Amino acid sequence: MTDLEAMEEALRLAAEAGAAGEVPVGAVAVHEGRVVGRGKNGRETTLDPTAHAELLALQEAARTLRRWRLTGVTVYVTLEPCAMCAGAMVLARIDRLVLAAPDPKAGAVGSLLDLSADPRLNHRFPVERGLLAEEAGELLRSFFRARRGRAGDGGPPGT
């Protein structure tokens with residue numbers, strides 16, 4: 001599976017999340033060329049503040065691989081991870097992160113802080129940015145435009 005194919009799968013999951021009324025973020029975990037974990041935002045549906053796409057993909061990957069150390073895994077996500085998700089990636093010891101769109105309001109792998117490269121932590125991983133960023137950004141912009149149109153309150157809170 002190529003980086004592009006994996007990110008396209010993450011975008012498909014993001015679109016599914018958006019159609020369900022969730023902020024459209026999707027994530028895919030890949031090990032040795034095959035998808036071992038998938039996630040899409042589910043906070044509204046599950047009423048769980050931790051139901052972020054990345055965490056759900058990491059959890060499924062751990063179950064699939066039958067281990068919590070996710071060495072050898074690359075995570076693909078449509079929006080830059082928050083501190084919770086980036087921290088989980090550090091703790092899971094992923095090999096690499098590929099992200100589409102930056103998140104200037106909550107991003108924790110380069111925008112607000114960078115947990116992926118913090119030398120004080122016990123694990124670091126490389127981050128590749130911008131793969132299908134325009135497509136991911138348009139999913140998010142369309143979702144929030146539609147929400148603002150319905151709510152009339154100037155927009156919902158961020159992801």
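Two strands pair if DSSP finds at least two bridges between them. Helices (H or I, at least four residues) and strands (E, at least two) are DSSP runs, numbered from the N terminus. This is a predicted model: local features need pLDDT of at least 70, side-chain atom pairs count only at pLDDT 80 or more, and totals for chains, interfaces and linings use all residues. Residues are numbered from 1 along each chain as its sequence is written, and side-chain values use heavy atoms, with hydrogens and water left out.

**Exercise 1. Find the order of the strands in the open sheet, and its edge strands.**

Step 1. The sheet has five strands, in the order β2-β1-β3-β4-β5, and the pairing is mixed.
Step 2. Its edges are β2 (34-40) and β5 (127-129), as each pairs on one side only.
Step 3. Ignoring direction, neighbouring strands of this sheet are turned by 15° against each other on average. Axes are lines fitted to C-alpha atoms, for helices over the stretch in contact; angles run from 0 to 180 degrees between N-to-C directions.
Step 4. Helix α3 (residues 53-65) packs on the sheet and touches β1 (26-31), β2 and β3. Its direction makes about 145° with that of β2. Contact means heavy atoms within 4.5 Å.

**Exercise 2. State in which sense β3 and β4 pair.**

Step 1. Strands of a sheet pair through backbone hydrogen bonds, either parallel or antiparallel.
Step 2. Strand β3 (residues 73-79) and strand β4 (residues 96-101) pair in the parallel sense, over five bridges.
Step 3. Val-77 stands opposite Leu-99 in β4.

**Exercise 3. Say where the model should be read with care.**

Step 1. pLDDT is the predictor's confidence in each residue, from 0 to 100.
Step 2. The protein chain averages 94, and 94% of the residues score at least 70.
Step 3. Over residues 152-159, pLDDT stays under 50.
Step 4. Where pLDDT is low, the predicted coordinates should not be read in detail.
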